[in-house]
Amino acid sequence: MECAGQVALVTGGSRGIGRAVAVRLAEAGCDIALTHRGSAAEAEAVAAHIAGLGRQVRLFQGDLADPEVPQRLVGEVRDAFGRVDVLVNNAGIGGEGLLVSMDPADIGRVLATNLVGPMLLTRAVALTMMRQRYGRIVNVSSAAASRPGPGQAGYAASKGGLEAFTRAMAVELGSRGILVNAVAPGIVRTDMTEALLDAAAPELLKRQIVGAFAEPEAVADAVAYLASPRNTHTTGTVLHVDGGLKMV
Ligand code: NAP
């Protein structure tokens, strides 16, 4: 129970990687503030699982692409728990499409969700963490930030921006006991990749040095280390959890 007494805010915890992260942090002893956009039933199922582990858990709903939402959500979390020790900026969307055929509104939506949302959430928790003189922030990036495929212009730009933001925040917040890192998954079995894997799993598998796609728990373990008090000196890094994808 290395995180006993801590509170973790995990965005996009209703499904996929966010669900696995929330459960893993609860197993480590964190009470969990879980956000979702619309999947209320799935979020409630995750909350029931976490409550079964003996942790406190509360659900918060909001569209993180709306710039009004992050400050409101963090205020609700502070009212409910009184502190925030860990922020995991996990919620994200794919936003695939060749740039020339992308609607400008879709470009705006992927940047708002994957980049501006995490920036505003970090802004909203930073003062609380600074007062605590303790915080761990983990941003969920993607292998696409460093190795984009065709049709990933918006997504790669959002995740590349998120990695640059991670380094900038590590510099701004490190002296206050707040460590800021990112994880960059490759291909993980979630709703986001279901269609991709249905269409091209054998081809994509050739690029996995470890010979298998990741399950969400592999990413959750990496996040859990970076978010824990055991992590005392890793900040401003991007931990790749991609089965060796970036080397081939
Ligand atoms: P997922 O299964 O599609 O789940 C996405 C989660 O984000 C859901 O909880 C969803 O909430 C929430 N969300 C999406 N848009 C939101 C918004 N505008 N406001 C609030 N919440 C929102 O995705 P995933 O595969 O677990 O991906 C999680 C993160 O990992 C993303 O940042 C993604 O870019 C990154 N990633 C995934 C992979 C992969 O292979 N799966 C690879 C690299 C990086 P609702 O359920 O309520 O809609």
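Q: Where does the ligand sit?
A: This is a predicted model, where local features need pLDDT of at least 70, side-chain atom pairs count only at pLDDT 80 or more, and totals for chains, interfaces and linings use all residues. Residues are numbered from 1 along each chain as its sequence is written, and side-chain values use heavy atoms, without hydrogens and water. A pocket is an open set of points on a 1 Å grid over the protein atoms alone, where a 1.4 Å probe fits, with protein on both sides within 12 Å along at least five of seven lines. A molecule sits there if more than half of its atoms lie within 2 Å of the grid points, and the ligand sits in the largest pocket.

Q: Which residues come nearest to the ligand?
A: A residue counts as near if one of its heavy atoms lies within 4 Å. There are 32 residues around the ligand. Those that come nearest are Ser14, Gly38, Ser39, Tyr155 and Thr190.

Q: How far is a polar side-chain atom of serine 14 from an oxygen atom of the ligand?
A: A polar contact pairs N or O atoms within 3.5 Å. Isoleucine 17 brings a backbone N or O atom to 2.8 Å from a ligand oxygen. For the side chain of serine 14, the distance is 2.7 Å.

Q: Is glycine 92 buried, partly exposed or exposed?
A: Buried means under 20% relative accessible area, exposed over 50%, and partly exposed in between (1.4 Å probe, protein chains only). Glycine 92 has a relative accessible area of 30%, so this residue is partly exposed.

Note on methods:
A polar contact is a pair of N or O atoms within 3.5 Å; within protein, one must be able to donate a hydrogen and the other to accept it, and residues adjacent in sequence count only if both atoms are side-chain atoms. On a 1 Å grid over the protein atoms alone, a cavity is a set of points where a 1.4 Å probe fits but cannot get out, and a pocket is an open set with protein on both sides within 12 Å along at least five of seven lines; lining residues have an atom within 4 Å of a point.
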